[in-house]
Amino acid sequence: MLTVSVRIDDRFGKHRKGTTRKMRHCHKTAIAIVAAVSAAVIAAASLIVWYLVPHYERSNEPAAYRIIYSAMLESNKGGVLTIDRRGGIIADERVPELQDVSVYSYENGEFIAGGQRSNMHLIIDKDGVMRSFHLLDNPNYSGVMSIGPYGGGVVAVMNGNDSPEDDSYLNLLVVQDGAGKVTERKKLKIYTEGQASDGQHLFITGHELTLSSNRYQGKIIRYGLSDRSVKAQVTDDALLYLRPVVWNNHVLVAGTDMNGTPRQIDMFDANTLERTDSTTISSDFQTLVIVAGKPWAVGTRQICPVIKQPFGIGNQCISMTTGSSPYVSQAIVVDTRIVMLVRESLNPAVKVPARGVKQVGIIADADTTTGKVSTTPALIPTNRSSDSILITPAAP
């Protein structure tokens, strides 16, 4: 029995040793398979990342401009790029909740960007420090139609709704200090397109809509920033007033027809809101700015001074070379320069080959004293939204 037992144990031992070898072989094979699969997964993920994440060379050149980008319908795709004068990207900082940021103000080196669809806004001070904020301390309210600085805070006109009771469309004027305290809320019978201030009054322009007759009329409102008084003037039918400028106790504002085609520039007395003069303009001129105390009309092909006698477009113009279907989506003043973002209406974003970026327009910098115009391509990574784009100088 001992011999049998020994033989049985011996046979069992041989079987166990063979099984162990097979198990070790299978284990090594399994490790190799897992390693191969893991490598394949990593390679596939790297390939996906390669296609989804743009690859471009970071610039080490001095900062020239910032580009604020955002999506029209999504609130998690906004951010701020810093670029050099050749369009090279220096930095890309994501800013959550920015959406449809297309309303702006630039004064004394401070840039304010406002969202039209989302109540999330951004302030970039002259040192480049950024902070975001909500009006009315509530992100659930609508966005803004116009916005600007006031007393360390902001004054803005927020989008509203049709009001059958008032037979019109209403917007909401909001004055909010730097700590977020709301000092004024006032409903206005206007659909706002822009605002300007002389320090004592806020001039709000746009159009008044009469719901019962579907009648559109140009409208300007003067709001007293200290006494909270409201004075309004309604003008022509089928006229939509854009961003105003204040000039020598007058308010100038360009107006378009119902299709957005520039139609006229009107001059109003800043005290009485009486319309004192008007001039027709060509379809090229799209906005007004004040440079060194003088008004300029900004167009896609040229920039021209506005003269008082006779009131109209002057002939000392600065020509610009732009694309095939350009429009000036933004114009701000830096000292004696007019800085513009010129975009293409037919092709708003063009991919730049082999650079991981796309071009969303041209930044044109026109010096009104020398007549020289320099241009910088407005480039953003290919996976960033190009729905709503704003630009601001990196330094005053």
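Mentor: Start with the nonpolar core. This model is predicted. Its largest nonpolar core holds 34 residues.

Trainee: Which residues touch the most other members of that core?

Mentor: They are Ile-67, Ile-68, Phe-111, Leu-122 and Ile-363. Strand β1, residues 65–70, gives this core its largest share, four residues.

Trainee: What does Ile-68 touch, leaving out residues up to four places away in sequence?

Mentor: Its contacts include Phe-111 and Leu-122. Also among them are Gly-79, Val-80, Leu-98, Val-101 and Ile-124. Ser-388, Ile-389, Leu-390 and Thr-392 complete the list.

Trainee: How many residues are in the second, separate core?

Mentor: That core has 14 residues, including Val-291, Ile-303, Ile-338 and Ala-364.

Trainee: Which lining residues lie nearest the centre of the largest cavity?

Mentor: Gly-109, Asp-125, Lys-126, Pro-393 and Ala-394 do, out of twelve in the lining. By type, that lining has seven nonpolar, two polar and three charged residues.

Trainee: What lines the second largest cavity?

Mentor: Its volume is about 30 Å³. Met-320, Thr-321, Thr-322, Val-342, Ile-362, Ala-364 and Thr-375 line it. Four of these are nonpolar, three polar and none charged. Notice Ala-364: it lines this cavity and belongs to the second core.

Conventions:
Residues numbered from 1 in each chain as written. Predicted model: local features only at pLDDT ≥ 70, side-chain atom pairs only at ≥ 80, totals over all residues. Heavy atoms only, no water. 1 Å grid on protein atoms, 1.4 Å probe; cavity = no way out; pocket = protein on both sides within 12 Å on 5 of 7 lines; lining within 4 Å. Nonpolar A, V, L, I, M, F, W, Y, C, P; charged D, E, K, R; others polar. Points joined across faces, edges and corners; volume = space filled by probe spheres on them. Core = buried A, V, L, I, M, F, W, Y, C linked by side-chain atoms within 4.5 Å. Buried < 20%, exposed > 50% of the residue type's maximum accessible area, 1.4 Å probe, protein only. Helix = DSSP H or I, 4+ residues; strand = E, 2+ residues; numbered from the N terminus. Contact = heavy atoms within 4.5 Å.
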